[in-house]
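Take a look first, then we'll go through some questions together.

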Amino acid sequence: MKHLEKVNYKGFIIPIIVGLIFWFTTPIRPAGVTVQAWHMLAIFLATIMGCIFKPLPIAATTLIGYTLTVFLGLAPIKDVIVKGHTVDASALTAFSNSAAWLIAMAFMLSRGIIKTGLGKRIAFYFIEWFGHKSLGLGYAVAAIDLVVSPATPSNTARAGGIVFPLVESLAENFDSKPNDPSRKKMGAFLTFVEFHANLITSMLFLTAMAPNLVAVELAKALGVNITWIGWFEATCVPALIALLVVPFFIYKMYGPEIKETPNAKEWASAELKKMGKLSVPEMCMAGIFLLTLILWMLSSSIKLDATLIAFISMSLLLLTGVLSNDDFLTEKGGWNVLVWLSILVYMANRLTKFGFIKWLSDTISKSVGHESWIMVVIILGILLFYTHYLFASATAHNTAMYGPFLAVALSAGAPKMTAAMFLAMFSAIMASTTHYANGPASVLAGSGYVEQGKWWKMNFILGLFYIAFFIVFGLGWMKIIGLW
């Protein structure tokens, strides 16, 4: 007997209340904000609340918001043409968003890495090479996340599906169990290192985290064009330095009881032996993965769009048989992100079209009221970081605040790329706040290896470190490469 799908109806309460309050306060809206802008804000905020309280999965929630946007006349379902010119494009153009398609195709690459076992093989090699001591294991975990991150746009899938299962296996190998005092032997340390490695690698590559693409699209609406290699150039040195420093910092602050780990090397060697020689699918996957990275790096020089490169890679995966048609059609993560990312960016762009973002940025700019653009950018970065305590989704947070904050920075005279990338860095490190800050936090904090009180305390300390570090090294590096 078939049953109805489970819906969290209580999760609709806050989004509906927020939406109705804003919709019906239109008569008392601030001066300078149009009726259309205020109504669009009502639907947008209700949708963001829906992403936070999750009455339905995020794709379904955003689809309802999208439907209301069209139904209530805030976007046309067909092109509006006046005197032979399109004055308002169809709402269906939301799904032509190239950034969303880039992420969707990158999900397919990620699926290939997992399906062929290439990701697991890479992981075992790193553990074999660096696993003599517990600190080396921490760096091995960070290196695994680093290597697979460019083609794994779901940082949750990367943490929960690729790295954490290996962390669990390693912890078990040292008799370190979750929700037990033995967690301190090894499991707690490796789990916390993986969370922060994931956080840093999510910043390093444009395609390492879906919220990055939200930032790119919102920046584009403000006249800032960020390429794959442009993103990497701005983040590579500060992010890689942080990736070297943070595991050692965690080791000193929250080190494991077991310091020597010869068993890890033996375990990894045994697992590699079980896997046997590199298979043909793994070789094909490795070749396509490397080709994709090289083309992304050269995309600006060879005038090849990053999204087209992702489509080429997907076509090669299908032609070589690494992925099947069923794999392509059943990659829920990719199609899911295509829907919600397209819709959220479209709704944010409608707010820009109706003039709300300009009004908000002008208002915030007056409040910040500082003559130095550097101070404005730093203040905005810190505000972005600490307001994340109010969010359970980096996507929702970026969609709501990245655009207005960037607009304020630009109006203060900040160089376009510097402002966009500095705020993008902070939109990654802001996950160093709570156990619900993003998907990886939920997976890793919920594993039972790190006590919740410890999670908050250590993240607060590391949060202060990140803020100081990226103000100095983030802005400093962008100065060196001539972004300001």
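Q: What volume does the largest cavity have?

A: Quick background: this is a predicted model, where local features need pLDDT of at least 70, side-chain atom pairs count only at pLDDT 80 or more, and totals for chains, interfaces and linings use all residues. Residues are numbered from 1 along each chain as its sequence is written, and side-chain values use heavy atoms, with hydrogens and water left out. A cavity is a set of points, on a 1 Å grid over the protein atoms alone, where a 1.4 Å probe fits but cannot get out, and a volume is the space filled by probe spheres set on the points, which are joined across faces, edges and corners. For the largest cavity, that volume is about 40 Å³.

Q: Which helices each supply at least two residues of the lining of the largest cavity?

A: Lining residues have an atom within 4 Å of a point, and here they include N155, L199, S202 and H388. Helices are DSSP runs (H or I, at least four residues), and strands are too (E, at least two), numbered from the N terminus. The ones you want are α8 (187-204) and α19 (416-429).

Q: How much space lies in the largest pocket?

A: A pocket is an open set of points with protein on both sides within 12 Å along at least five of seven lines. The largest pocket is lined by 25 residues, and I58, S154, T156, W340 and G439 lie nearest its centre. Its space comes to about 630 Å³.

Q: Which element gives the largest share of the lining of the largest pocket?

A: Elements giving two or more residues include α7 (155-173), α9 (210-221) and α15 (332-353). The largest share is 4 residues, and it comes from α15.

Q: How many charged residues are in the lining of the second largest pocket?

A: That pocket has a volume of about 380 Å³, and among its 17 lining residues P15, I16, A46, I64 and L68 are the closest to its centre. Ala, Val, Leu, Ile, Met, Phe, Trp, Tyr, Cys and Pro count as nonpolar, Asp, Glu, Lys and Arg as charged, and the others, Gly among them, as polar. The lining splits into 12 nonpolar and 5 polar residues, and the charged count is none.

Q: Which residue takes a positive phi in the hairpin of β1 and β2?

A: Strands pair if DSSP finds at least two bridges between them. β1 (residues 80-82) and β2 (residues 85-88) are antiparallel over 3 bridges, with I81 opposite T86. The hairpin has 2 residues between the strands, and the one with a positive phi near 55° is K83.
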